[in-house]
Amino acid sequence: MLLNMAKLNHAFQKRLRPWTPLLLRVIVGYGFMAHGYAKLSRGPEQFISIVTAIGIPMPHLMGWATIIVQLLGGLCVLLGAWVILWSIPMAAILIVAAVTVHWPNGFSSIKLQSVIDGRAQFGQPGYETDLLYLICIAVLVAGGAGPYAVDNMIARKMDHRGSADLLKTS
């Protein structure tokens, strides 16, 4: 019985394995893009004033850099393009946010304060979500963006062309 369950589990995981990086890319990429879009739609000046208030050097430059990394980096991660390259500035944004904004609020990202008129009221989030994003990015860097990533599709095309070129010269 246990051996059959182990075999079933292995077969199930083997079938799902190619899809797992895609799931991580979708949530990380979309999450970053949503946060970048929110900063852009509320007015970049509002975000830049927050960056200034928390003491980040060159707040105008760093504010715009954050927005651009969140939008373009999020899109690239979503597509599986240049994930390793984009992971560095994305991780930097998460570390800065965790230390400067969320650390004083503790670990938990969900802090139920009260319920008013049947609606939950939450306090300021902690650094939990930043850590979750960091771990997802680390897994994508260490394990790869998966077979359904733009980078892998380009690499397969290049490998195929390289093989064709080798056959021509032989």
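**Close-up 1. What lines the largest pocket.** Helix α5 gives the largest share of the lining of the largest pocket, eight residues. Keep in mind that you're looking at a predicted model. The pocket holds about 980 Å³ of space, and the elements that give two or more residues to its lining are α2 (20-41), α3 (44-53), α4 (59-79), α5 (83-102) and α6 (128-143). In total, 33 residues line the pocket, and nearest its centre you'll find Lys39, Phe47, Gln70, Ala97 and His102. Sort the lining by class and you get 21 nonpolar, nine polar and three charged residues.

**Close-up 2. Where α5 runs alongside α6.** The axes of these two helices, α5 and α6, come within 9 Å and cross at roughly 165°. Angles over 145 degrees count as roughly antiparallel, so α5 is roughly antiparallel to α6. The crossing of α5 past α6 is left-handed. On the α5 side, look for Val83, Ile84, Ser87, Met90, Ala91, Leu94, Ile95, Ala97, Ala98 and His102; they meet Asp130, Tyr133, Leu134, Ile137, Leu140 and Val141 in α6. This contact has 13 nonpolar residues, two polar ones and one charged.

**Close-up 3. The α2 and α4 pair.** Here the axes of α2 and α4 are 7 Å apart, and the helices pack at an angle of about 150°. That angle makes α2 roughly antiparallel to α4, and α2 passes α4 in a left-handed crossing. Quite a few residues take part: from α2, they include Arg25, Tyr30, Phe32, Met33, Tyr37 and Lys39, while α4 brings Trp64, Ile67, Gln70 and Leu71, among others. By class, the contact divides into 14 nonpolar, six polar and two charged residues.

**Close-up 4. α4 meets α5.** How do the axes of α4 and α5 cross, and at what angle? They come within 10 Å and cross at roughly 140°. The crossing is left-handed. From α4, Thr66, Val69, Gln70, Leu72, Gly73, Gly74, Cys76 and Val77 reach Val83, Trp86, Pro89, Met90 and Ile93 in α5. Nine of the contact residues are nonpolar and four are polar, with no charged ones.

Note on methods:
Residues numbered from 1 in each chain as written. Predicted model: local features only at pLDDT ≥ 70, side-chain atom pairs only at ≥ 80, totals over all residues. Heavy atoms only, no water. 1 Å grid on protein atoms, 1.4 Å probe; cavity = no way out; pocket = protein on both sides within 12 Å on 5 of 7 lines; lining within 4 Å. Points joined across faces, edges and corners; volume = space filled by probe spheres on them. Helix = DSSP H or I, 4+ residues; strand = E, 2+ residues; numbered from the N terminus. Nonpolar A, V, L, I, M, F, W, Y, C, P; charged D, E, K, R; others polar. Axes fitted to C-alpha atoms, helices over the stretch in contact; angles between N-to-C directions. Left-handed = near helix turned anticlockwise from the far one by under 90°. Contact = heavy atoms within 4.5 Å. Parallel < 35°, antiparallel > 145°, perpendicular 65-115°, else oblique.
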